[in-house]
Amino acid sequence: YVWEFNEYGGQKAVRMGDWKAVQQNIHKGNKKIELYNLATDIGETNDVAAQHPDLVAKALDIFTNDRTVSKDFPMAMYDKK
């Protein structure tokens with residue numbers, strides 16, 4: 001599942017099994033993707049992105065390629081294909 005919110009500075013999230021990747025403040029140019037293992041961290045308190053670069057890369061690919069560009073809800077970082 002992929003979520004995208006243009007509000008709150010621009011946010012994206014994707015659920016990949018037990019993993020959830022989150023990116024916030026996209027409109028301010030933030031490129032950092034946080035990663036949480038929901039099987040062991042349901043409260044999303046321990047960002048483990050540094051330990052799982054392969055899953056972060058997979059999330060970035062989803063964020064980039066599974067988006068429909070919309071003039072009503074622009075997200076410049078991901079609208080450039």
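A strand here is a DSSP run of E residues, at least two long, numbered from the N terminus. The model shown is predicted.

**View 1. Val14 sits in strand β2.** Strand β2 covers residues 11-16, and Val14 is found there. Is Val14 buried or exposed? Buried means under 20% relative accessible area. Val14 has 2% relative accessibility, so Val14 counts as buried. Leaving aside neighbours within four places in sequence, Val14 is in contact with Tyr1, Val2, Trp3, Trp19, Lys20, Ala21, Ala59, Ile62 and Phe63. Tyr36 lies 22 residues from Val14 in sequence. Their C-alpha atoms are 11 Å apart in space.

View 2. Look for Ala13, which stands opposite Val22 in β3. Two residues lie between the strands of this hairpin. In the hairpin, Gly17 takes a positive phi near 65°.

**View 3. Strand β3 is largely enclosed.** Why is β3 described as largely enclosed by the rest of the structure? Five of the five residues of β3 are buried, and therefore the strand is largely enclosed. Now follow the side each residue points to. Trp19, Ala21 and Gln23 point one way from β3. Lys20 and Val22 point the other way. All of these residues are buried, whichever way they point.

**View 4. Lys20 meets Trp3 and strand β4.** The charged end of Lys20 sits over the ring of Trp3. The distance to the centre of that ring is 5.9 Å. Lys20 also has a bridge partner in β4, namely Tyr36. Strands β3 and β4 run antiparallel and are joined by four bridges. What is the count of aromatic pairs? The count comes to zero.

**View 5. Gln23 is a buried residue of β3.** Strand β3 spans residues 19-23, and Gln23 belongs to it. The relative accessible area of Gln23 is 1%, so this residue is buried. Which residue has its backbone oxygen 2.9 Å from a polar atom of the Gln23 side chain? That residue is Asn30. With neighbours within four places in sequence left aside, the contacts of Gln23 include Gly10, Gln11, Lys12, Lys31, Lys32 and Ile33. Phe63, Met77 and Tyr78 are also among its contacts.

**View 6. Phe63 belongs to the largest nonpolar core.** This core has 16 residues. Which of them touch the most other members? They are Val14, Met16, Trp19, Ala21, Leu35 and Phe63. Strands β2 and β3 and helix α1 each supply at least two residues of the core. The most come from α1, which gives five residues. Take Phe63 as a close-up. Leaving aside neighbours within four places in sequence, Phe63 is in contact with Lys12, Ala13, Val14, Ala21, Gln23, Ile33 and Tyr78.

**View 7. Ala39 lies in a loop.** The loop runs between β4 (34-37) and α1 (53-65). Is Ala39 buried or exposed? A residue is exposed when its relative accessible area is over 50%. The value for Ala39 is 51%, so Ala39 is exposed. Gly17 is 22 residues from Ala39 along the chain. The C-alpha atoms of Ala39 and Gly17 are separated by 9.2 Å.

Note on methods. Residues are numbered from 1 along each chain as its sequence is written. This is a predicted model: local features need pLDDT of at least 70, side-chain atom pairs count only at pLDDT 80 or more; totals for chains, interfaces and linings use all residues. Side-chain values use heavy atoms; hydrogens and water are left out. Buried means under 20% relative accessible area, exposed over 50%, partly exposed in between (1.4 Å probe, protein chains only). Contact means heavy atoms within 4.5 Å. A polar contact is a pair of N or O atoms within 3.5 Å; within protein, one must be able to donate a hydrogen and the other to accept it, and residues adjacent in sequence count only if both atoms are side-chain atoms. Rings of Phe, Tyr and Trp (its six-membered ring) pair if their centres lie within 6.5 Å; planes under 30 degrees apart count as stacked, over 60 as edge-to-face and the rest as tilted. A charge sits over a ring if NZ of Lys or CZ of Arg is within 6 Å of the ring centre and within 35 degrees of the ring normal. Two strands pair if DSSP finds at least two bridges between them. A nonpolar core is a set of buried Ala, Val, Leu, Ile, Met, Phe, Trp, Tyr and Cys residues joined through side-chain atoms within 4.5 Å.
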